[in-house]
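Here is a short briefing to read alongside the structure.

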Amino acid sequence: MKILKEVKISDNGFVFNSKTGDSFSLNPIGLELIKMISEEKEMEEIRQEFLSKYDVDDLTFEKDFYEFCTLLKHHQITVQNNSLEFN
Amino acid sequence: MEKLKYEKPVISKITAGVPSKFGLPAKQKIISEIDGTKVSDLIEEYGSPLFVFSEKTIRNTVAEARRAFETRYPKVQFAWSYKTNYLNAVVNIFHDEGSWAEVVSGFEFEKALALGVNGSHILFNGPEKSAKDLELAINNNACIHIDHFDELYLLIETARKLNKKARVAIRVNMDTGIYPMWDRFGFNYENGEAWNAINRIMLADKLELIGLHTHIGTYIMAASAYAIAATKLANLFMATHRKFNHWLKYIDLGGGFASKNTLKGAYMPGAETCPSFDEYAEAITNALISSEIPHENLPALFLETGRALIDDAGYLLTTVLANKRSSTGRRNMVIDAGVNLLFTSFWYNLGIHPSQPTSEYMEETTIYGPLCMNIDVIRDAINFPHVKTGDQLVIERVGAYNVTQWMQFITYRPNVIMIDSNGKTRIIKKKESLETFKNSEAKD
């Protein structure tokens, strides 16, 4: 998953997508997560960091992570793949 | 090292638009206990979903309504509207507080008798009264509120057959300035039908006309409409006296007082817009006292308030089953209580609240019930904090109509409990099981 180059993320959780003109707000955990994604860290690495830092179990985090990624895709913040290429 | 508190990661689109002049509530309301008992303890003991009634709230609400009317008018009599909630434990509290019974079917009539209500303290309303029902009502000396001419003649025939006199009132429908005008029940005031019915009753030797009844609608937001209704009934009351030298015993203004629930499409919350008991009482009693009825002949004022007396006392506890996203990214939540239990969700934006502190981040959410049916939507759009599977929520103001109009559909109906005035809990209606159905179905 790759964040679009047109997307700018500020340190206070404000996101602007110059490609679509949309802006977004993140909560602190959302900000931390999107930064890791923008650094192109793998899911497994992100999971380990979160599990060691936060009081959360692995299944809850996995569910939340994928839901967050779905929203990033929905809001066109990440590079879009063809959803019907089942690979 | 101690781990940091986790919160679900959230990204919310910022949308420009007309800002609300009321803003957002400063804090999400949390209902963690009811009458001092923790929501989590109730669910642990009685399961989820769970209807909870508060005896304390019922008694306090009745006291508030009685104070509003009894301090303004000399003779006031409440009659509990069975159809609003006819669970025995609930009905018994209203009777204990002095209410008569207002019933609208043979079933409800039998229920009132079985609960020990004196037949003469039963007001029998409604368009469906069979000859058998009327016999029961006459034999028990009930007040029969006639809905239409066919019923009037069936009643005359039944009373003749029993060789007994029936005590009757007529239901009157009228224009009180509210929309929609209810004219499907009773006899119309403006076209003279109500006066015509009074004349026919006064000439029937087996009928004794003792009262006049109206019920102008439901969830009436304008107390002034009741003043118009009271004035029109007072006109009929005096006309009856002038023509027949007969003083009627009571005027029944029916029900229809709004509860604090918020109607769908309403701009402001119901709790801030619905009139208080004092406002309704002021409108009704002023109209009667300032009518031409001499003060020494003022009739008793009957009230059949249902919704406004019981809605606040009922809660539905429910559990989050799932959070999911729609194809458009919208947040959807599934809870274990559906429209089969919450008939009022079709016309109210019911208040739904977490039972424990949650994230401060809110997101517009659609809340679905558990039924495998597309219509099972409890809230179309509610700004709701992030909660997770297994979290418990409280739906407030569900005391009216839900436990009478609920459906056994797909799932069993749940336990209903009462928290009594001392804080003790008990089951007042047991959860259904397969046995419930085996007992009434043919064993094919």
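This is a predicted model: local features need pLDDT of at least 70, side-chain atom pairs count only at pLDDT 80 or more; totals for chains, interfaces and linings use all residues.

**The annotated cysteine**

- The UniProt record, an unreviewed entry, lists Cys372(B) under "active site".
- Where does Cys372(B) sit in chain B? Cys372(B) is in the loop that runs between strand S17 (362-368) and strand S18 (377-385) of chain B.

**Chain B as a whole**

- Chain B has 13 helices and 21 strands.
- Chain B has a radius of gyration of 25 Å, close to the 22 Å that the globule rule gives for 444 residues, so chain B is as compact as a globular protein of that length.
- Along the principal axes, the C-alpha atoms of chain B fill a box of roughly 90 × 60 × 45 Å.
- How much of chain B counts as buried? The share is 42% of its 444 residues.
- Taking the contacts in chain B between residues at least 6 apart in sequence, 69% join residues at least 24 apart.

**Domains of chain B**

- Chain B divides into domain 1, made of 33-53 + 312-433, and domain 2, which spans 99-305.
- The centres of domain 1 and domain 2 of chain B, taken over C-alpha atoms, are separated by 35 Å.
- To the contact between them, domain 1 of chain B gives 7 residues and domain 2 of chain B gives 6 residues.
- On the side of domain 1 of chain B that touches domain 2 of chain B, the residues are 4 nonpolar, 1 polar and 2 charged.
- From the UniProt record (unreviewed entry) comes a further feature, "domain: Orn/DAP/Arg decarboxylase 2 N-terminal", at residues 61-309 of chain B.
- The span 61-309 of chain B is 42% helix and 17% strand, and its end C-alpha atoms lie 6 Å apart.

**A look at Ala230(B)**

- Ala230(B) belongs to helix H8 (residues 223-244) of chain B.
- Is Ala230(B) buried or exposed? Ala230(B) is buried, because 25 other C-beta atoms lie within 10 Å and the cut-off for buried is 20 or more.
- Leaving aside residues up to four places away in sequence, Ala230(B) touches Leu253(B), Ile284(B), Ala287(B) and Leu288(B).
- From Ala230(B) to Thr285(B) the C-alpha to C-alpha distance is 8.2 Å, although the two are 55 residues apart in sequence.

**Where chain A meets chain B**

- Chain A puts 21 residues into the contact, and chain B puts in 15 residues.
- Which elements of chain A give two or more residues to the side that touches chain B? They are strand S3 (22-26), helix H1 (28-38) and helix H3 (58-74) of chain A.
- H3(A) makes the largest contribution to that side of chain A, with 7 residues.
- Sorted by class, the side of chain A that touches chain B has 9 nonpolar, 7 polar and 5 charged residues.
- S3(A) also pairs with strand S1 (residues 11-14) of chain B, in the antiparallel sense and over 4 bridges.
- Within this pairing, Ser23(A) has Ile14(B) of S1(B) as its bridge partner.

Note on methods: Residues are numbered from 1 along each chain as its sequence is written. Chains are lettered from A and ligands numbered from 1 in the order in which they are written. UniProt positions are given in the numbering used here, feature names are shortened, and annotations may be inferred rather than shown by experiment. Two residues are in contact if their C-beta atoms, placed from the backbone, lie within 7 Å. Ala, Val, Leu, Ile, Met, Phe, Trp, Tyr, Cys and Pro count as nonpolar, Asp, Glu, Lys and Arg as charged, and the others, Gly among them, as polar. Two strands pair if DSSP finds at least two bridges between them. A residue is buried if 20 or more other C-beta atoms lie within 10 Å of its own, exposed if 12 or fewer, and partly exposed in between; C-beta atoms are placed from the backbone. The radius of gyration is taken over C-alpha atoms; the globule rule is 2.2 Å times the number of residues to the power 0.38. Domain bounds come from an automatic or database domain assignment.
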